[in-house]
Amino acid sequence: MDTTKTPAPNAAEADTTPVALEKTETTQPAEAAADSAATDEVTDADLDDEALAEDEAEDREPSHVGSAAFAIVAAGLGVVALSGSWVAGIVSERASIAARLELTQAADANAQIAAQFVDPWHTTAMVNGIFSALALIVATFVLALPAFSSPERTLPTWVRSVSWAGIGLGALGILLFVLMYFDLLLAIPKAAGAGA
């Protein structure tokens, strides 16, 4: 009896099968490494895009909303100072009533004129002068603001124009305040027959 065995016809195929398995096992880590490299590239690209977006956000011009609002407020205060306000009217009426209450029955005509005309006139001038000073301060603050921030920051043209208008109106209001308060604009009326 022959004890040697002859290989089966499929034995060669059985030997090559593990080799094929090894090849597939080695290709799978290579594909996984390629996938992770692609993922790393995408992640790096995403990070670069985010960093670029942050840099663009920092490089963008500021909106100047606050400066524009303050410039408009300054111009509005200047207009109110020149045209008069309800605050000036109320304070003027109060000064007139207080001056009349202090009058006596024996007061002469000049004292009555001062109580009914001069005191309210000066009070109105003072309130309008306060509004003018506020307009001047706010407009000057808006124009000086870029000097205290980054040197390359400039205000839009229309904001600077409105601020200069606020400065002009404020200066004119202060000039009118001085003329009114010290009776340089109009002389105080005097009674003709008052005592010397």
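At 17% relative accessibility, His-122 counts as buried, because the cut-off for a buried residue is under 20% relative accessible area. This residue belongs to helix α4, and the model in which it is described here is a predicted one. Leaving aside residues up to four places away in sequence, His-122 touches Met-180, Tyr-181 and Asp-183.

**Helix α3 against helix α4**

- Helix α3, which covers residues 86-102, and helix α4, which covers residues 109-148, have axes that come within 8 Å and cross at roughly 150°.
- Since angles over 145 degrees count as roughly antiparallel, α3 and α4 are therefore roughly antiparallel to each other, and their crossing is right-handed.
- On the α3 side the residues in contact are Val-87, Ala-88, Val-91, Ser-92, Ala-95, Ser-96, Ala-99 and Arg-100, and on the α4 side they are Ala-115, Gln-116, Asp-119, Pro-120, Thr-123, Thr-124, Val-127, Asn-128 and Phe-131.
- Sorted by class, the residues of this contact between α3 and α4 comprise nine nonpolar, six polar and two charged.
- An α-helix has 3.6 residues a turn, so residues three or four places apart point the same way.

**Helix α2 against helix α5**

- Helix α2 (residues 65-83) packs on helix α5 (residues 157-181) at an angle of about 25°, and the two axes lie 8 Å apart.
- Because angles under 35 degrees count as roughly parallel, α2 and α5 are roughly parallel to each other, and α2 passes α5 in a left-handed crossing.
- From α2 the contact draws on Ser-67, Ala-68, Ala-71, Ile-72, Ala-74, Ala-75, Gly-78, Val-79 and Leu-82, which meet Trp-158, Val-159, Val-162, Ser-163, Gly-166, Leu-169, Leu-172, Gly-173 and Leu-176 of α5.
- The class count for the contact of α2 with α5 is 13 nonpolar, five polar and no charged residues.

**Helix α5 and its packing on α4**

- With 25 residues, α5 reaches 36 Å from its first C-alpha to its last, which is close to the 36 Å expected at 1.5 Å a residue.
- The buried residues of α5 are Val-159, Ser-163, Gly-166, Ile-167, Gly-170, Gly-173 and Met-180, and they pack against α2 and α4.
- Met-180, one of these buried residues, is also among the residues that His-122 touches.
- The axes of α4 and α5 come within 7 Å and cross at roughly 155°, so these two helices are roughly antiparallel to each other, and their crossing is left-handed.
- Divided by class, the contact of α4 with α5 has 17 nonpolar, eight polar and one charged residues.

**Asp-183, after helix α5**

- Asp-183 lies in the segment after α5, and this aspartate is among the residues that His-122 touches.
- Most residues other than glycine have a negative phi.
- Asp-183, although not a glycine, has a positive phi of about 55°, and this backbone angle occurs just after α5.
- With a relative accessible area of 22%, Asp-183 is partly exposed, because the range for that class runs between 20% and 50%, whereas His-122, at 17%, counts as buried.

How values were computed. Residues are numbered from 1 along each chain as its sequence is written. This is a predicted model: local features need pLDDT of at least 70, side-chain atom pairs count only at pLDDT 80 or more; totals for chains, interfaces and linings use all residues. Side-chain values use heavy atoms; hydrogens and water are left out. Axes are lines fitted to C-alpha atoms, for helices over the stretch in contact, and angles run from 0 to 180 degrees between N-to-C directions. Helices (H or I, at least four residues) and strands (E, at least two) are DSSP runs, numbered from the N terminus. Angles under 35 degrees count as roughly parallel, over 145 as roughly antiparallel, 65 to 115 as roughly perpendicular and the rest as oblique. A crossing is left-handed if the near helix is turned anticlockwise from the far one by less than a right angle, and right-handed if clockwise. Contact means heavy atoms within 4.5 Å. Ala, Val, Leu, Ile, Met, Phe, Trp, Tyr, Cys and Pro count as nonpolar, Asp, Glu, Lys and Arg as charged, and the others, Gly among them, as polar. Buried means under 20% relative accessible area, exposed over 50%, partly exposed in between (1.4 Å probe, protein chains only). The expected span of a helix is 1.5 Å times one less than its number of residues.
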